[in-house]
Amino acid sequence: MLKNKKRNVFIISNLLFVAIFLLVSYLILPPNGIRNDKFYFQQIEYVSAVRQAMFLGQDARYVIVLEFIFLLSCLLVANTLSKRMSDKFEYHTLKKTETAYLQRFIEALRFCYSLDDFYEIIKTILERTADCSVVFLDSAKDYVLYCSSDTITSDPRTVQILGQNFPNTWDEGIYFFSDKLGLVSSHKKARGFFICFSNYHFFVFCRYTRLFDTVIYKDLLEEFIRFGFRAETIVNLSEIASLSKDWAQLAETQRVFLPHKLPETNRLKMAAYYRPLVNVSGDYYTALPIDEHKTLLMLGDVSGKGLPAALIMGLIMNTVKITENKEDLVSIVYNIDKAIKNMKLQDKYTVLFISVLDTQKMTIRYVNASMSDPVIITRSPDGHTIKPLASNCGVVGIIELDDVRISERKIFNGDMIMFASDGVSEVMNDEGVELGDTDIYKETVIKGASKTPQEFVDDIVKLIFDYKGDNALHDDITMLITKVVR
């Protein structure tokens, strides 16, 4: 198993390191101190003349320092070799052995947003490719949601026995079952495995279950649970919209996807504003800490209004949330593009700005997929200057994406970074002039650079409503403001 292989590599590499270290220590450290140099080197004839020239006449501190340097070098080499071997074993296990089937299933499950999507990857990966069979039950309703068409799973007695042996009261987790459909403790004796989550019991029959590396089951359970919550949320959104028409409840459900509280670090202060035109919105934003110095910042706008836009918004937020490497902006954009296209909603796409702000390197790396308004307000000899973060990518989710490129800009202490949906700059006055084209908008933005992010947001919101007068808003309004502080 992968875990055992990694442990063995760690033990062997460190034992080898200790052996080499002790051997070299014996060669360069005399037993009675460095004062007996001549006697010491005469006793050890196999020590080269180069070593004699190096150590003869040196005091003990020199040898101890050299010994310490050698110790660190050996430790570094041992850790490097251990990591490389562990990575090699992990790649081989997850990509080249039978476990690769479950790894492919997990990767596909990340982009499932409905039971139909789930059934499709069961067919293409588990049944056709991995030669497995599946029974998927709603144990609370005693209802079969999906059943493979082979001899075992299509037998009514199989479903009946599974329901009797593993009722709805089972705790969340992954378990193994035998040829007789009873519980077994070891995967080596198992005919298959099943996942319990909420009311769902997902049984996978596989004659080579013993060959799956057990390290994969933790990831499979976590991804299955994420899918369950994701599919349930989308179903709830659809049911609320189509049946009850309770748009306030729909809006409340949608807000679950947005940050409840923005993170704050020693170097970043943030504030946000979110106002849907109707109860539900296609606008979205998030701020996710990556480590002590790096933070992912994103704001976007889905085309259209209403339920379809809300579904795409939730899908995008979930895609970003489940991405493990949040520094890989290119992969995130491609994953969002793929997820939107898989929903097969006509004419739906998103513009977005996604970035990683690094307060150690003092840089912002970003992909701007046709967002028109992201800017940095930075100090200049004349006060403050507005520097746009120009678009470097097309819209996402409807057309084939060209190569997605990363742009990078330097940031400085005191910089204010403003992301806003076009609902901010496109507010019109009585004459039909858009706010973003006016001097008062630019002046308000520049003046706000010396204030806190919340004060900045308050000034822009006040300007919007003063400027529009009695005119109605025509779009959602969303802002995410970040200030770099000392």
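Biologist: Is Phe203 buried or exposed, and how do I read that?

Modeller: The general idea is a cut-off on relative accessible area: under 20% is buried, over 50% exposed, and in between partly exposed (1.4 Å probe, protein chains only). Phe203 comes out at 0%, so it counts as buried. Phe194 is buried as well, with a relative accessible area of 0%. Bear in mind that this is a predicted model, where local features need pLDDT of at least 70 and side-chain atom pairs count only at pLDDT 80 or more, while totals for chains, interfaces and linings use all residues. Residues are numbered from 1 along each chain as its sequence is written, and side-chain values use heavy atoms, leaving out hydrogens and water.

Biologist: How many aromatic pairs are there?

Modeller: A pair of rings is described by the distance of the centres and the angle of the planes. Rings of Phe, Tyr and Trp (its six-membered ring) pair if their centres lie within 6.5 Å; planes under 30 degrees apart are stacked, over 60 edge-to-face, the rest tilted. This structure holds 30 such pairs. One of them joins Phe194 and Phe203, stacked at 4.9 Å centre to centre with 25 degrees between the planes. Elsewhere, ring pairs tie Phe105, Phe118, Tyr119, Phe136, Tyr146, Tyr200, Phe202, Phe224 and Phe227 into a cluster.

Biologist: Where does Thr295 sit, and what does Thr295 touch?

Modeller: Look in strand S9, residues 294–302 (strands, E, at least two residues, and helices, H or I, at least four, are DSSP runs numbered from the N terminus). Thr295 is buried, at 3% relative accessible area. Contact means heavy atoms within 4.5 Å. Neighbours within four places in sequence aside, Thr295 is in contact with residues including Leu268, Met270, Ile290 and Val356.

Biologist: And where is Thr359?

Modeller: In the loop between strand S10 (350–358) and strand S11 (363–369). Thr359 is buried at 6% and touches Arg267, Leu268 and His293, not counting residues up to four places away in sequence.

Biologist: How do the axes of H13 and H14 cross?

Modeller: Axes are lines fitted to C-alpha atoms over the stretch in contact, with angles from 0 to 180 degrees between N-to-C directions. H13 (residues 439–448) and H14 (residues 453–468) have axes that come within 9 Å and cross at roughly 165 degrees. That makes H13 roughly antiparallel to H14 (over 145 degrees; under 35 is roughly parallel, 65 to 115 roughly perpendicular, the rest oblique). Ile440, Tyr441, Thr444, Val445 and Gly448 of H13 meet Phe456, Asp459, Ile460 and Leu463 of H14.
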